[in-house]
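Me: I'm trying to learn how the words used for a protein fold get decided. Could you take me through one, term by term?

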Amino acid sequence: MEYSDPMIELMNSLELIVFKDKPQKITLPQKPKTLTEIEQLRKGTGLKIADFAKALGVTVSTVKEWESKRARPSATELKLMRLIHSNPMLSKELMD
């Protein structure tokens, strides 16, 4: 026969009584995702990622790299993004 410590059994029983109505699953609040400058510029234009990439003359994967901060655009690319952001009609001219 296996020995069982009475104090441990008592504590386990009390825990079941005290916490019986409370969910045992603990969920941590998620932080709201902050957008990178590149994401803000792209989303501010209303362009999808593919159209934004085409207007800039780069690949979709390049834009994704910039948005995930794994790579940085050149100063010229960043200026072009800001121009497109301030004048969304410019993107249509650049995609033609």
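Me: What makes α3 roughly perpendicular to α4?
Reply: In this predicted model, α3 and α4 pack at an angle of about 105°, with their axes 8 Å apart. Axes here are lines fitted to C-alpha atoms, for helices over the stretch in contact, and angles run from 0 to 180 degrees between N-to-C directions. The cut-offs are under 35 degrees for roughly parallel, over 145 for roughly antiparallel, 65 to 115 for roughly perpendicular, and oblique for the rest. An angle of about 105° therefore makes α3 roughly perpendicular to α4.

Me: Which residues make that contact?
Reply: From α3 you get Ile49, Ala50, Phe52, Ala53 and Leu56, and from α4 Val60, Val63, Lys64, Trp66 and Glu67. Contact just means heavy atoms within 4.5 Å. By class, that's 8 nonpolar, no polar and 2 charged residues. Nonpolar covers Ala, Val, Leu, Ile, Met, Phe, Trp, Tyr, Cys and Pro; charged covers Asp, Glu, Lys and Arg; the others, Gly among them, are polar.

Me: Why is serine 91 called buried?
Reply: Buried means under 20% relative accessible area, exposed over 50%, and partly exposed in between (1.4 Å probe, protein chains only). Serine 91, which lies in helix α6 (residues 89-95), has 2% relative accessibility, so it counts as buried. Not counting residues up to four places away in sequence, serine 91 touches Leu47, Ala55 and Ile84. Across the chain, buried residues make up 22% of the 96 residues.

Me: And lysine 43, what is it called and why?
Reply: Lysine 43, in helix α2, has a relative accessible area of 46%, so it is partly exposed.

Me: Which residues of α4 are buried, and how do you know whether they share a side?
Reply: In α4 (residues 60-67), the buried ones are Val63, Trp66 and Glu67. They cover an arc of only 95° around the axis, so they sit on the same side of α4. That arc is taken from the directions from the helix axis to the C-beta atoms. Their cover includes α2 (37-45), α3 (49-56) and α5 (75-86).

Me: What makes a group of residues a nonpolar core?
Reply: The residues must be buried Ala, Val, Leu, Ile, Met, Phe, Trp, Tyr or Cys, joined through side-chain atoms within 4.5 Å. The largest such core has 14 residues, and Phe52, Leu56, Val58, Val63, Trp66 and Met81 touch the most other members. α2, α3, α4 and α5 each supply at least two residues, with the largest share, 4 residues, coming from α3.

Me: What should I know about the numbers behind all this?
Reply: Residues are numbered from 1 along each chain as its sequence is written, and side-chain values use heavy atoms, leaving out hydrogens and water. As the model is predicted, local features need pLDDT of at least 70 and side-chain atom pairs count only at pLDDT 80 or more, while totals for chains, interfaces and linings use all residues.
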